[in-house]
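Dear colleague,

I am passing on the structure we spoke about, with some notes on what turned up when I went through it. Please read the notes alongside the coordinates.

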Amino acid sequence: MAEPNAESWTDSTSGRERVRHVVDLLDEPTPVQEIANRADVSRATADDELQRLQSDDWVTETTVDGT
């Protein structure tokens, strides 16, 4: 059981930090919407951060089945 005073990760980290954390845990191509859901952010926030990470060569865009 969680402690009553424990902060949730949405209270203690920014949306962009959560996206980066989720990406660090991935080991296969994952749709933007799934990353957004796991990070508890909007799809737009996840997409924006993923584009930023791609420009910094941290991630690569992969197309699977046309998506």
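In what follows, a residue is called buried when its relative accessible area is under 20%, and exposed when that area is over 50%. Please keep in mind throughout that this is a predicted model.

With that cut-off, the helix α4 (43-55) has Ala-46, Glu-49, Leu-50 and Leu-53 as buried residues. These four cover an arc of only 105° around the axis, and they therefore fall on the same side of α4. Among what covers the buried residues of α4 are α2 (15-25) and α3, while the face turned away from that buried side carries Ala-44 and Ser-55, both of which are exposed.

Is Asp-57 buried or exposed? With a relative accessible area of 71%, Asp-57 is exposed.

The other thing I would point out is the largest pocket, which holds about 640 Å³ of space. Its lining is made up of 21 residues, and those that lie nearest the centre of the pocket are Thr-30, Val-32, Thr-60, Glu-61 and Thr-62. Which elements give two or more residues to this lining? They are α3 (32-39) and α4 (43-55), and of the elements it is α4 that gives the most, with five residues. Sorted by class, the lining comprises 10 nonpolar, seven polar and four charged residues.

Taken together, α4 is the element that links these notes: α3 is part of what covers its buried residues, and both α3 and α4 contribute to the lining of the largest pocket.

With best wishes

Notes: Residues numbered from 1 in each chain as written. Predicted model: local features only at pLDDT ≥ 70, side-chain atom pairs only at ≥ 80, totals over all residues. Heavy atoms only, no water. 1 Å grid on protein atoms, 1.4 Å probe; cavity = no way out; pocket = protein on both sides within 12 Å on 5 of 7 lines; lining within 4 Å. Points joined across faces, edges and corners; volume = space filled by probe spheres on them. Nonpolar A, V, L, I, M, F, W, Y, C, P; charged D, E, K, R; others polar. Buried < 20%, exposed > 50% of the residue type's maximum accessible area, 1.4 Å probe, protein only. Arc of directions from axis to C-beta. Contact = heavy atoms within 4.5 Å.
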